[in-house]
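Okay, thanks for coming, everyone. Let me put the model up, and then we'll talk about a helix packing and some aromatic rings.

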Amino acid sequence: NIKLSEDVDLNKIAQATAGAVGADLANLVNEAALRAVRMGRQAVNQEDLLVSFETVIAGTEKKGTVLTDSEKRIVSYHEVGPALVAALQKHAQPVSKITIVPHTSGALGYTMQMPEEEKFLNSRDELLVELRTLLGGRAAEQVVFSARTTGAANDIERATDLARKMVMQYGMSDHFGPMALTTSGNQYLDGQAALNCSDAVAAEADEEVRSLINRCYGEAMDVLTGHRALLDEIALFLLQKETITGDEFMAYVNASEKQLPEAAEPPEAGA
């Protein structure tokens with residue numbers, strides 16, 4: 001019963017909302033309809049749906065949150081870091097938006113990446129890129145400020161979970177090979193995986209996970225160190241505008257790549 005304008009591309013909305021349940025989609029459409037009404041329009045357009053998608057995943061903008069100048073600068077670098085690491089690697093999802101406006105979800109900012117197509121399989125190389133990207137925020141903090149803040153907590157948690165699955169569940173470790181070290185739990189119950197190996201092997205797996213994370217973290221730092229001037233330039237632009245689009249971000253990246261014959265590419269790493 002919601003009228004859609006001609007510019008709505010449901011395929012793009014489907015790609016953006018991959019994994020969302022019916023309730024999430026209903027909430028998204030409802031938010032989009034409310035936004036269209038507030039704007040005085042009779043139909044929901046593409047921007048309404050995309051903005052509402054951000055509201056569903058990150059909450060509404062929390063403009064009452066006042067950050068110090070130092071905190072805003074750190075958040076700016078923290079958000080540009082993963083975006084730049086992703087943009088300078090192959091197999092990465094394109095960046096569609098970067099913002100340092102706090103949201104009601106508790107996020108002080110976020111970087112949004114949109115898949116170009118719906119995918120059901122991920123290669124090891126793609127997961128390594130995702131790992132480096134997740135660690136890009138902490139890497140930027142370390143490269144620029146020689147500091148570690150609590151802002152990277154969620155990224156680190158997700159990176160650790162991904163690295164653990166690569167080693168213990170996906171058989172992507174050169175050390176263990178195609179060997180499952182866990183048994184998947186029932187996804188409809190707790191979803192927790194149970195160990196399927198001895199304590200000694202589990203300890204080796206923990207060390208393998210730690211090594212994989214540290215290696216990807218070091219590679220993310222190498223990318224940002226090698227493109228420090230570009231990192232500074234985009235972070236300053238974001239600091240001034242607070243929110244930039246993927247096109248604005250890529251304009252800086254593409255201009256930089258024209259000046260440099262070859263962009264630094266992290267080496268292929270064995271898990």
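So, let's start with helix H7 and helix H8: H7 passes H8 in a right-handed crossing. Just keep in mind that this is a predicted model. H7 is residues 153-168, H8 is residues 199-226, and they pack at an angle of about 125° with their axes 9 Å apart.

Who's touching whom? On the H7 side you've got Ala159, Thr160, Ala163, Arg164, Met166, Val167 and Met168, and they meet Ala205, Asp206, Glu208, Val209, Leu212 and Ile213 in H8. The residues of that contact split into 9 nonpolar, 1 polar and 3 charged.

Okay, on to the rings. How many aromatic pairs does a search of the whole structure find? It comes back with 2.

One is Tyr77 with Phe145, edge-to-face, with 5.4 Å centre to centre and 90° between the planes. Tyr77 sits in helix H4, residues 69-87, and Phe145 in helix H6, residues 136-145, so to speak a link between distant parts of the chain, 68 residues apart. Tyr77 is buried at 6% relative accessibility, while Phe145 is partly exposed at 24%.

Then there's Phe237 with Tyr252: ring centres 5.2 Å apart, planes at 45°, so this pair is tilted. Here Phe237 is in helix H9, residues 228-241, and Tyr252 in helix H10, residues 246-259, 15 residues apart. Phe237 counts as buried at 17% relative accessibility, and Tyr252 as partly exposed at 23%.

That's my bit, happy to take questions.

Terms used. Residues are numbered from 1 along each chain as its sequence is written. This is a predicted model: local features need pLDDT of at least 70, side-chain atom pairs count only at pLDDT 80 or more; totals for chains, interfaces and linings use all residues. Side-chain values use heavy atoms; hydrogens and water are left out. Axes are lines fitted to C-alpha atoms, for helices over the stretch in contact, and angles run from 0 to 180 degrees between N-to-C directions. Helices (H or I, at least four residues) and strands (E, at least two) are DSSP runs, numbered from the N terminus. A crossing is left-handed if the near helix is turned anticlockwise from the far one by less than a right angle, and right-handed if clockwise. Contact means heavy atoms within 4.5 Å. Ala, Val, Leu, Ile, Met, Phe, Trp, Tyr, Cys and Pro count as nonpolar, Asp, Glu, Lys and Arg as charged, and the others, Gly among them, as polar. Rings of Phe, Tyr and Trp (its six-membered ring) pair if their centres lie within 6.5 Å; planes under 30 degrees apart count as stacked, over 60 as edge-to-face and the rest as tilted. Buried means under 20% relative accessible area, exposed over 50%, partly exposed in between (1.4 Å probe, protein chains only).
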